[in-house]
Amino acid sequence: MGFESEFASYEPLRRILDSSKVKSLQDRLKIRKKDAQGSGQEEFKSNIISKADMRSDFIPDYVIAIDGSYQPAKAENGFPGAEFGYITISAVLIVEKSVREFARQEFIDPKKFRETEKASAIDTVIPGCNVIIDNEKSAKTSMRRVLFEELQNTRAFEEGETLLETFEHLFRIKLEKDKELGDRRKPRSPIDGVDQEMTYDFGQYVCPHSGELLYSTDAMRLHELMNSGGTNGEMYGQVMQMFEKLWLVHILRSFEKKDWLNLLDRVSFVLDGPLACFSTWSWINKSIITELARINGLQKKQTGKDLLIFGIEKSGTFYNHFEEVDTKVDGTTDCFPNQSAFLLSDGYIKKNIIFSESDKLYGQDTYFGRKLFYKTKIGYRIIPVLAFFNEHQQNLKTARSDQFPRLADLMNMLDELVSSRYPNSVSPLVSAHAEAAIPLNLGKRIFDDIAREIRAKSYKE
(Lines give C-alpha, C1' and ligand atoms only; values in the text may rest on other atoms or scores of the structure.)
Protein backbone atom coordinates (compact mmCIF):
# COMPACT_ATOMS: atom_id res chain seq x y z
CA MET A 1 0.00 0.00 0.00
CA GLY A 2 1.62 3.23 -1.13
CA PHE A 3 1.48 6.63 0.48
CA GLU A 4 -0.94 9.33 -0.69
CA SER A 5 -0.12 10.59 -4.21
CA GLU A 6 2.57 7.89 -4.57
CA PHE A 7 2.32 5.87 -7.80
CA ALA A 8 4.38 3.05 -9.23
CA SER A 9 6.82 4.07 -11.93
CA TYR A 10 7.35 2.20 -15.19
CA GLU A 11 10.45 0.35 -13.95
CA PRO A 12 8.74 -1.69 -11.18
CA LEU A 13 5.97 -2.62 -13.62
CA ARG A 14 8.54 -3.81 -16.17
CA ARG A 15 10.23 -5.93 -13.49
CA ILE A 16 6.88 -7.61 -12.73
CA LEU A 17 6.39 -8.58 -16.36
CA ASP A 18 9.99 -9.84 -16.57
CA SER A 19 9.66 -11.88 -13.38
CA SER A 20 10.47 -15.56 -13.84
CA LYS A 21 7.47 -16.49 -11.64
CA VAL A 22 5.11 -14.39 -13.76
CA LYS A 23 6.45 -15.95 -16.96
CA SER A 24 6.19 -19.42 -15.46
CA LEU A 25 2.55 -18.85 -14.52
CA GLN A 26 1.76 -17.46 -17.97
CA ASP A 27 3.21 -20.60 -19.56
CA ARG A 28 0.73 -22.67 -17.54
CA LEU A 29 -2.36 -20.60 -18.43
CA LYS A 30 -5.26 -22.29 -20.22
CA ILE A 31 -5.85 -20.42 -23.48
CA ARG A 32 -9.26 -20.10 -25.09
CA LYS A 33 -9.12 -21.30 -28.69
CA LYS A 34 -10.29 -18.75 -31.23
CA ASP A 35 -11.40 -19.22 -34.77
CA ALA A 36 -9.74 -17.65 -37.79
CA GLN A 37 -11.69 -14.46 -37.26
CA GLY A 38 -10.06 -14.12 -33.86
CA SER A 39 -12.92 -14.07 -31.35
CA GLY A 40 -15.54 -16.69 -32.11
CA GLN A 41 -17.65 -14.74 -34.61
CA GLU A 42 -18.29 -17.86 -36.70
CA GLU A 43 -20.04 -19.56 -33.81
CA PHE A 44 -22.18 -16.45 -33.43
CA LYS A 45 -23.12 -16.27 -37.08
CA SER A 46 -24.55 -19.78 -37.09
CA ASN A 47 -26.73 -19.15 -34.03
CA ILE A 48 -27.86 -15.55 -34.39
CA ILE A 49 -31.59 -14.78 -34.27
CA SER A 50 -32.67 -11.89 -36.44
CA LYS A 51 -35.49 -9.65 -35.35
CA ALA A 52 -36.78 -9.81 -38.93
CA ASP A 53 -37.62 -13.46 -38.29
CA MET A 54 -39.60 -12.59 -35.16
CA ARG A 55 -43.02 -10.99 -35.19
CA SER A 56 -43.78 -8.30 -32.64
CA ASP A 57 -45.01 -4.73 -32.61
CA PHE A 58 -45.27 -4.68 -28.83
CA ILE A 59 -44.28 -1.57 -26.93
CA PRO A 60 -45.47 -1.49 -23.29
CA ASP A 61 -47.80 1.27 -22.23
CA TYR A 62 -46.00 1.39 -18.89
CA VAL A 63 -42.44 0.54 -17.82
CA ILE A 64 -41.51 0.17 -14.15
CA ALA A 65 -37.78 0.52 -13.58
CA ILE A 66 -36.14 -0.39 -10.27
CA ASP A 67 -32.67 0.73 -9.22
CA GLY A 68 -30.77 1.28 -6.00
CA SER A 69 -27.93 3.38 -4.66
CA TYR A 70 -25.89 3.40 -1.47
CA GLN A 71 -23.45 5.79 0.13
CA PRO A 72 -21.32 5.22 3.25
CA ALA A 73 -21.43 8.22 5.60
CA LYS A 74 -19.47 9.09 8.71
CA ALA A 75 -21.35 8.87 12.01
CA GLU A 76 -20.48 11.50 14.63
CA ASN A 77 -20.57 9.49 17.84
CA GLY A 78 -17.02 9.81 19.10
CA PHE A 79 -15.88 6.34 18.00
CA PRO A 80 -13.20 6.04 15.30
CA GLY A 81 -14.38 4.83 11.92
CA ALA A 82 -18.05 4.97 12.88
CA GLU A 83 -20.22 4.93 9.76
CA PHE A 84 -23.64 4.04 8.44
CA GLY A 85 -24.87 3.22 4.96
CA TYR A 86 -27.53 5.40 3.36
CA ILE A 87 -29.44 3.23 0.89
CA THR A 88 -32.15 4.34 -1.52
CA ILE A 89 -34.30 2.20 -3.79
CA SER A 90 -36.27 3.94 -6.53
CA ALA A 91 -39.18 2.74 -8.61
CA VAL A 92 -39.88 4.92 -11.63
CA LEU A 93 -42.91 4.46 -13.84
CA ILE A 94 -42.60 5.66 -17.43
CA VAL A 95 -45.93 6.21 -19.19
CA GLU A 96 -44.48 5.01 -22.47
CA LYS A 97 -47.77 5.39 -24.28
CA SER A 98 -47.72 9.14 -23.62
CA VAL A 99 -44.04 9.37 -24.58
CA ARG A 100 -44.86 7.94 -28.01
CA GLU A 101 -47.70 10.41 -28.43
CA PHE A 102 -45.39 13.33 -27.63
CA ALA A 103 -42.82 12.01 -30.12
CA ARG A 104 -45.30 12.66 -32.93
CA GLN A 105 -45.64 16.32 -31.99
CA GLU A 106 -43.48 19.04 -33.46
CA PHE A 107 -43.40 21.04 -30.24
CA ILE A 108 -43.55 19.41 -26.80
CA ASP A 109 -44.72 21.08 -23.62
CA PRO A 110 -41.88 20.31 -21.11
CA LYS A 111 -44.26 20.40 -18.15
CA LYS A 112 -46.63 17.87 -19.70
CA PHE A 113 -43.73 15.69 -20.82
CA ARG A 114 -42.42 15.50 -17.25
CA GLU A 115 -45.79 14.06 -16.26
CA THR A 116 -44.96 10.93 -18.28
CA GLU A 117 -42.57 9.97 -15.50
CA LYS A 118 -43.67 9.17 -11.96
CA ALA A 119 -41.11 8.33 -9.29
CA SER A 120 -41.11 6.88 -5.82
CA ALA A 121 -38.16 6.17 -3.55
CA ILE A 122 -37.61 4.47 -0.23
CA ASP A 123 -34.55 5.08 1.88
CA THR A 124 -32.98 3.28 4.77
CA VAL A 125 -29.99 3.81 7.02
CA ILE A 126 -28.05 0.67 7.94
CA PRO A 127 -25.65 0.79 10.94
CA GLY A 128 -22.05 -0.03 10.12
CA CYS A 129 -18.81 -0.01 12.03
CA ASN A 130 -19.07 1.36 15.61
CA VAL A 131 -22.72 2.42 15.26
CA ILE A 132 -24.88 1.22 18.17
CA ILE A 133 -28.53 2.19 18.59
CA ASP A 134 -30.69 2.36 21.72
CA ASN A 135 -29.69 -0.35 24.19
CA GLU A 136 -28.16 -2.76 21.69
CA LYS A 137 -24.88 -4.44 22.61
CA SER A 138 -23.00 -4.07 19.33
CA ALA A 139 -23.04 -2.68 15.81
CA LYS A 140 -24.06 -6.13 14.52
CA THR A 141 -27.14 -6.41 16.74
CA SER A 142 -28.02 -2.82 15.79
CA MET A 143 -27.77 -3.66 12.11
CA ARG A 144 -29.95 -6.77 12.50
CA ARG A 145 -32.66 -4.83 14.32
CA VAL A 146 -32.70 -1.90 11.90
CA LEU A 147 -32.91 -4.20 8.87
CA PHE A 148 -35.94 -5.95 10.36
CA GLU A 149 -37.64 -2.65 11.23
CA GLU A 150 -37.07 -1.21 7.75
CA LEU A 151 -38.75 -4.17 6.06
CA GLN A 152 -41.53 -4.05 8.64
CA ASN A 153 -42.28 -0.38 7.98
CA THR A 154 -42.09 -0.32 4.17
CA ARG A 155 -44.84 -1.04 1.65
CA ALA A 156 -45.67 -0.07 -1.94
CA PHE A 157 -49.41 0.38 -1.46
CA GLU A 158 -50.94 2.21 1.46
CA GLU A 159 -53.06 -0.77 2.50
CA GLY A 160 -50.90 -3.55 1.06
CA GLU A 161 -48.55 -6.00 2.67
CA THR A 162 -45.18 -4.85 3.98
CA LEU A 163 -41.80 -5.79 2.58
CA LEU A 164 -41.37 -7.93 5.69
CA GLU A 165 -44.49 -9.91 4.82
CA THR A 166 -43.18 -10.36 1.28
CA PHE A 167 -39.84 -11.58 2.61
CA GLU A 168 -41.46 -13.95 5.09
CA HIS A 169 -43.60 -15.43 2.31
CA LEU A 170 -40.39 -16.23 0.40
CA PHE A 171 -38.87 -17.54 3.63
CA ARG A 172 -41.80 -19.95 4.08
CA ILE A 173 -41.21 -21.28 0.57
CA LYS A 174 -37.61 -22.03 1.54
CA LEU A 175 -38.59 -23.79 4.76
CA GLU A 176 -41.20 -25.90 2.96
CA LYS A 177 -38.66 -26.97 0.33
CA ASP A 178 -36.07 -27.75 3.00
CA LYS A 179 -38.65 -29.95 4.73
CA GLU A 180 -39.48 -31.78 1.50
CA LEU A 181 -35.80 -32.40 0.77
CA GLY A 182 -34.98 -33.30 4.33
CA ASP A 183 -32.41 -30.53 4.48
CA ARG A 184 -31.79 -29.65 8.12
CA ARG A 185 -28.62 -27.64 7.67
CA LYS A 186 -28.74 -24.24 9.33
CA PRO A 187 -26.18 -21.49 9.80
CA ARG A 188 -24.85 -20.54 13.22
CA SER A 189 -26.79 -18.22 15.51
CA PRO A 190 -26.09 -14.52 14.96
CA ILE A 191 -25.85 -13.96 18.71
CA ASP A 192 -22.31 -13.70 20.01
CA GLY A 193 -21.41 -16.47 22.44
CA VAL A 194 -24.13 -18.86 21.24
CA ASP A 195 -22.49 -21.79 19.47
CA GLN A 196 -25.75 -23.28 18.23
CA GLU A 197 -27.65 -23.44 14.95
CA MET A 198 -29.84 -20.49 14.09
CA THR A 199 -33.39 -20.76 15.42
CA TYR A 200 -35.78 -20.03 12.55
CA ASP A 201 -39.10 -18.32 13.14
CA PHE A 202 -41.14 -15.36 11.92
CA GLY A 203 -41.30 -11.77 13.10
CA GLN A 204 -39.42 -10.88 16.27
CA TYR A 205 -38.83 -13.71 18.75
CA VAL A 206 -36.60 -14.82 21.63
CA CYS A 207 -33.53 -17.02 21.24
CA PRO A 208 -34.05 -20.20 23.34
CA HIS A 209 -30.34 -20.37 24.15
CA SER A 210 -29.59 -16.80 25.25
CA GLY A 211 -32.91 -15.04 25.84
CA GLU A 212 -31.89 -12.30 23.36
CA LEU A 213 -33.97 -11.13 20.41
CA LEU A 214 -33.86 -12.79 17.01
CA TYR A 215 -35.55 -11.64 13.79
CA SER A 216 -36.88 -13.50 10.77
CA THR A 217 -34.59 -11.38 8.59
CA ASP A 218 -31.56 -12.93 10.35
CA ALA A 219 -32.08 -15.85 7.93
CA MET A 220 -30.53 -13.71 5.17
CA ARG A 221 -27.32 -13.59 7.20
CA LEU A 222 -26.46 -10.13 5.93
CA HIS A 223 -25.06 -9.35 9.37
CA GLU A 224 -22.23 -11.77 8.60
CA LEU A 225 -20.89 -9.20 6.13
CA MET A 226 -20.40 -6.66 8.92
CA ASN A 227 -16.81 -5.42 9.19
CA SER A 228 -16.40 -4.32 12.79
CA GLY A 229 -13.09 -2.60 12.11
CA GLY A 230 -13.65 -0.61 8.94
CA THR A 231 -15.91 0.39 6.10
CA ASN A 232 -18.84 -1.84 5.08
CA GLY A 233 -19.33 -1.21 1.39
CA GLU A 234 -19.89 -4.90 0.61
CA MET A 235 -22.64 -5.18 3.22
CA TYR A 236 -24.41 -2.01 2.06
CA GLY A 237 -24.22 -3.20 -1.55
CA GLN A 238 -25.77 -6.55 -0.73
CA VAL A 239 -28.53 -4.95 1.36
CA MET A 240 -29.28 -2.66 -1.58
CA GLN A 241 -29.48 -5.57 -4.03
CA MET A 242 -31.70 -7.51 -1.65
CA PHE A 243 -34.11 -4.55 -1.46
CA GLU A 244 -34.21 -4.29 -5.28
CA LYS A 245 -35.17 -7.94 -5.80
CA LEU A 246 -37.61 -7.95 -2.89
CA TRP A 247 -39.23 -4.76 -4.20
CA LEU A 248 -39.96 -6.48 -7.55
CA VAL A 249 -41.69 -9.44 -5.92
CA HIS A 250 -43.46 -7.10 -3.51
CA ILE A 251 -44.99 -5.03 -6.33
CA LEU A 252 -46.18 -8.13 -8.19
CA ARG A 253 -47.74 -9.61 -5.05
CA SER A 254 -49.43 -6.29 -4.35
CA PHE A 255 -51.00 -6.30 -7.82
CA GLU A 256 -52.22 -9.83 -7.17
CA LYS A 257 -53.82 -8.97 -3.83
CA LYS A 258 -55.68 -6.08 -5.44
CA ASP A 259 -56.86 -8.36 -8.27
CA TRP A 260 -55.02 -6.26 -10.88
CA LEU A 261 -52.97 -8.98 -12.56
CA ASN A 262 -54.98 -8.49 -15.75
CA LEU A 263 -53.24 -5.12 -16.15
CA LEU A 264 -49.73 -6.58 -16.39
CA ASP A 265 -49.80 -7.43 -20.11
CA ARG A 266 -49.34 -3.68 -20.68
CA VAL A 267 -46.53 -3.30 -18.15
CA SER A 268 -42.88 -4.37 -18.29
CA PHE A 269 -40.39 -4.43 -15.43
CA VAL A 270 -36.70 -3.65 -15.75
CA LEU A 271 -34.04 -3.83 -13.03
CA ASP A 272 -30.52 -2.53 -12.97
CA GLY A 273 -28.07 -5.42 -13.06
CA PRO A 274 -28.64 -9.16 -13.39
CA LEU A 275 -31.71 -11.01 -12.16
CA ALA A 276 -29.75 -12.81 -9.48
CA CYS A 277 -29.22 -13.07 -5.73
CA PHE A 278 -25.68 -13.43 -4.43
CA SER A 279 -23.75 -13.68 -1.17
CA THR A 280 -25.28 -14.80 2.14
CA TRP A 281 -28.89 -14.29 1.03
CA SER A 282 -28.59 -16.20 -2.28
CA TRP A 283 -30.99 -18.90 -0.98
CA ILE A 284 -33.85 -16.51 -1.62
CA ASN A 285 -33.27 -16.92 -5.36
CA LYS A 286 -35.03 -20.31 -5.47
CA SER A 287 -37.99 -18.86 -3.59
CA ILE A 288 -38.19 -15.98 -6.09
CA ILE A 289 -38.20 -18.48 -8.97
CA THR A 290 -41.11 -20.33 -7.36
CA GLU A 291 -43.06 -17.15 -6.62
CA LEU A 292 -42.56 -15.59 -10.06
CA ALA A 293 -43.71 -18.82 -11.70
CA ARG A 294 -46.85 -18.84 -9.54
CA ILE A 295 -47.76 -15.20 -10.22
CA ASN A 296 -46.94 -15.54 -13.91
CA GLY A 297 -49.26 -18.54 -14.17
CA LEU A 298 -52.13 -16.62 -12.58
CA GLN A 299 -51.78 -13.53 -14.76
CA LYS A 300 -51.16 -15.55 -17.93
CA LYS A 301 -54.59 -17.13 -17.52
CA GLN A 302 -56.03 -13.61 -17.72
CA THR A 303 -53.74 -11.96 -20.28
CA GLY A 304 -52.54 -14.87 -22.40
CA LYS A 305 -48.94 -13.64 -22.09
CA ASP A 306 -45.97 -14.24 -19.86
CA LEU A 307 -44.72 -11.39 -17.73
CA LEU A 308 -41.97 -9.26 -19.26
CA ILE A 309 -39.28 -8.87 -16.58
CA PHE A 310 -35.63 -8.30 -17.35
CA GLY A 311 -32.43 -6.86 -15.95
CA ILE A 312 -29.64 -5.04 -17.78
CA GLU A 313 -25.95 -5.81 -17.29
CA LYS A 314 -24.09 -2.65 -18.26
CA SER A 315 -20.53 -3.88 -17.74
CA GLY A 316 -18.45 -6.88 -16.74
CA THR A 317 -17.17 -10.08 -18.30
CA PHE A 318 -20.19 -10.73 -20.51
CA TYR A 319 -20.21 -7.19 -21.88
CA ASN A 320 -16.48 -7.40 -22.59
CA HIS A 321 -17.01 -10.63 -24.51
CA PHE A 322 -19.87 -9.15 -26.53
CA GLU A 323 -17.60 -6.26 -27.47
CA GLU A 324 -14.87 -8.72 -28.44
CA VAL A 325 -17.02 -10.80 -30.79
CA ASP A 326 -18.28 -7.60 -32.39
CA THR A 327 -14.71 -6.57 -33.25
CA LYS A 328 -12.54 -7.88 -36.09
CA VAL A 329 -8.84 -8.60 -35.81
CA ASP A 330 -8.04 -5.26 -37.49
CA GLY A 331 -10.03 -3.40 -34.81
CA THR A 332 -13.11 -2.57 -36.86
CA THR A 333 -16.50 -3.26 -35.29
CA ASP A 334 -19.97 -4.27 -36.45
CA CYS A 335 -19.35 -8.01 -36.95
CA PHE A 336 -22.56 -8.61 -35.05
CA PRO A 337 -25.58 -7.52 -37.14
CA ASN A 338 -28.00 -4.90 -35.87
CA GLN A 339 -31.41 -6.04 -34.59
CA SER A 340 -30.08 -9.50 -33.83
CA ALA A 341 -29.81 -11.60 -30.69
CA PHE A 342 -27.53 -14.39 -29.53
CA LEU A 343 -28.96 -16.66 -26.84
CA LEU A 344 -26.43 -17.91 -24.31
CA SER A 345 -26.21 -21.54 -23.22
CA ASP A 346 -24.24 -23.10 -20.39
CA GLY A 347 -21.81 -24.67 -22.86
CA TYR A 348 -21.07 -21.42 -24.65
CA ILE A 349 -20.60 -19.49 -21.41
CA LYS A 350 -18.15 -22.02 -19.98
CA LYS A 351 -16.23 -22.34 -23.24
CA ASN A 352 -15.92 -18.66 -24.10
CA ILE A 353 -16.74 -16.35 -21.17
CA ILE A 354 -16.31 -17.92 -17.72
CA PHE A 355 -14.27 -21.10 -18.02
CA SER A 356 -15.55 -24.07 -16.05
CA GLU A 357 -15.61 -27.85 -16.36
CA SER A 358 -18.24 -28.24 -13.64
CA ASP A 359 -21.39 -30.23 -14.36
CA LYS A 360 -23.34 -27.59 -12.44
CA LEU A 361 -25.09 -25.17 -14.78
CA TYR A 362 -23.94 -21.56 -14.78
CA GLY A 363 -25.94 -19.46 -12.31
CA GLN A 364 -28.05 -22.43 -11.22
CA ASP A 365 -28.21 -21.31 -7.58
CA THR A 366 -28.16 -17.55 -8.07
CA TYR A 367 -30.03 -16.49 -11.25
CA PHE A 368 -33.76 -16.23 -11.90
CA GLY A 369 -33.18 -15.00 -15.45
CA ARG A 370 -31.23 -15.93 -18.61
CA LYS A 371 -28.72 -13.77 -20.45
CA LEU A 372 -28.61 -12.93 -24.11
CA PHE A 373 -26.79 -10.49 -26.35
CA TYR A 374 -28.80 -8.01 -28.41
CA LYS A 375 -27.66 -5.32 -30.81
CA THR A 376 -30.25 -2.61 -31.39
CA LYS A 377 -31.35 -1.06 -34.66
CA ILE A 378 -28.85 1.79 -34.19
CA GLY A 379 -25.99 -0.52 -33.23
CA TYR A 380 -25.92 -0.36 -29.43
CA ARG A 381 -24.91 -3.51 -27.55
CA ILE A 382 -27.27 -4.56 -24.74
CA ILE A 383 -27.07 -7.53 -22.36
CA PRO A 384 -30.57 -8.26 -21.02
CA VAL A 385 -31.25 -10.93 -18.41
CA LEU A 386 -34.76 -12.21 -19.10
CA ALA A 387 -36.79 -13.80 -16.30
CA PHE A 388 -37.85 -17.42 -16.77
CA PHE A 389 -40.99 -19.08 -15.38
CA ASN A 390 -40.61 -22.86 -15.78
CA GLU A 391 -37.99 -25.61 -15.85
CA HIS A 392 -37.84 -25.71 -19.66
CA GLN A 393 -37.03 -22.01 -19.85
CA GLN A 394 -34.53 -22.37 -17.01
CA ASN A 395 -32.63 -25.27 -18.61
CA LEU A 396 -29.33 -23.69 -19.67
CA LYS A 397 -28.15 -26.82 -21.49
CA THR A 398 -29.94 -25.49 -24.55
CA ALA A 399 -30.60 -21.99 -25.87
CA ARG A 400 -33.73 -21.86 -28.02
CA SER A 401 -36.04 -18.95 -28.61
CA ASP A 402 -38.94 -20.68 -26.82
CA GLN A 403 -36.81 -20.70 -23.65
CA PHE A 404 -36.77 -16.90 -23.57
CA PRO A 405 -40.34 -15.72 -22.81
CA ARG A 406 -41.52 -12.85 -25.00
CA LEU A 407 -38.17 -12.60 -26.75
CA ALA A 408 -39.64 -10.81 -29.77
CA ASP A 409 -41.37 -8.27 -27.52
CA LEU A 410 -38.12 -7.70 -25.65
CA MET A 411 -36.17 -7.05 -28.86
CA ASN A 412 -38.81 -4.61 -30.04
CA MET A 413 -38.82 -2.85 -26.68
CA LEU A 414 -35.03 -2.52 -26.53
CA ASP A 415 -35.00 -0.88 -29.96
CA GLU A 416 -37.50 1.66 -28.65
CA LEU A 417 -36.05 2.34 -25.19
CA VAL A 418 -32.29 2.13 -25.68
CA SER A 419 -30.54 5.17 -24.19
CA SER A 420 -28.59 7.46 -26.52
CA ARG A 421 -26.83 8.85 -23.45
CA TYR A 422 -25.81 5.41 -22.15
CA PRO A 423 -25.68 3.01 -25.14
CA ASN A 424 -25.48 -0.07 -22.91
CA SER A 425 -28.67 0.71 -20.96
CA VAL A 426 -32.31 1.72 -21.43
CA SER A 427 -33.89 5.09 -20.70
CA PRO A 428 -36.19 3.97 -17.84
CA LEU A 429 -33.14 2.75 -15.89
CA VAL A 430 -31.40 6.09 -16.44
CA SER A 431 -34.35 7.79 -14.78
CA ALA A 432 -34.47 5.24 -11.97
CA HIS A 433 -30.77 5.63 -11.26
CA ALA A 434 -31.09 9.41 -11.14
CA GLU A 435 -33.96 9.13 -8.66
CA ALA A 436 -32.02 6.66 -6.50
CA ALA A 437 -28.90 8.82 -6.50
CA ILE A 438 -30.78 12.05 -5.69
CA PRO A 439 -34.14 10.97 -4.26
CA LEU A 440 -36.72 13.72 -4.64
CA ASN A 441 -39.78 11.56 -3.97
CA LEU A 442 -38.95 9.82 -0.70
CA GLY A 443 -41.91 8.07 0.88
CA LYS A 444 -44.17 8.96 -2.02
CA ARG A 445 -46.41 6.03 -2.89
CA ILE A 446 -47.15 6.06 -6.58
CA PHE A 447 -48.51 2.58 -7.14
CA ASP A 448 -52.06 3.26 -6.01
CA ASP A 449 -52.20 6.17 -8.48
CA ILE A 450 -50.49 4.11 -11.18
CA ALA A 451 -52.88 1.21 -10.90
CA ARG A 452 -55.89 3.51 -10.90
CA GLU A 453 -54.59 5.27 -14.01
CA ILE A 454 -53.98 1.97 -15.87
CA ARG A 455 -57.40 0.64 -14.91
CA ALA A 456 -59.18 3.86 -15.94
CA LYS A 457 -57.57 3.81 -19.39
CA SER A 458 -58.31 0.10 -19.75
CA TYR A 459 -62.02 0.70 -19.16
CA LYS A 460 -62.07 3.56 -21.69
CA GLU A 461 -60.54 1.36 -24.34
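How much space lies in the largest pocket? Before I answer, please keep in mind that what we are looking at is a predicted model. In this model, about 670 Å³ of space lies in the largest pocket.

Let me turn to what surrounds that space. The largest pocket is lined by 23 residues, and those closest to its centre are K174, D178, D183, W283 and K286. Sorted by class, the residues lining the largest pocket are ten charged, seven nonpolar and six polar.

Now I would like to move to a pair of helices. Helix α6, residues 139-152, packs with helix α8, residues 233-257, at an angle of about 20°, and their axes are 13 Å apart. Since angles under 35 degrees count as roughly parallel, α6 and α8 are therefore described as roughly parallel to each other. The crossing of these two helices, α6 and α8, is right-handed.

Which residues make the contact? On the α6 side they are M143, L147, E150 and L151, while α8 brings M235, V239, M242, F243 and L246. By class, the contact of α6 with α8 has eight nonpolar residues and one charged residue, with no polar ones.

Conventions:
Residues are numbered from 1 along each chain as its sequence is written. This is a predicted model: local features need pLDDT of at least 70, side-chain atom pairs count only at pLDDT 80 or more; totals for chains, interfaces and linings use all residues. Side-chain values use heavy atoms; hydrogens and water are left out. Axes are lines fitted to C-alpha atoms, for helices over the stretch in contact, and angles run from 0 to 180 degrees between N-to-C directions. Helices (H or I, at least four residues) and strands (E, at least two) are DSSP runs, numbered from the N terminus. Angles under 35 degrees count as roughly parallel, over 145 as roughly antiparallel, 65 to 115 as roughly perpendicular and the rest as oblique. A crossing is left-handed if the near helix is turned anticlockwise from the far one by less than a right angle, and right-handed if clockwise. Contact means heavy atoms within 4.5 Å. Ala, Val, Leu, Ile, Met, Phe, Trp, Tyr, Cys and Pro count as nonpolar, Asp, Glu, Lys and Arg as charged, and the others, Gly among them, as polar. On a 1 Å grid over the protein atoms alone, a cavity is a set of points where a 1.4 Å probe fits but cannot get out, and a pocket is an open set with protein on both sides within 12 Å along at least five of seven lines; lining residues have an atom within 4 Å of a point. Grid points are joined across faces, edges and corners, and a volume is the space filled by probe spheres set on the points.
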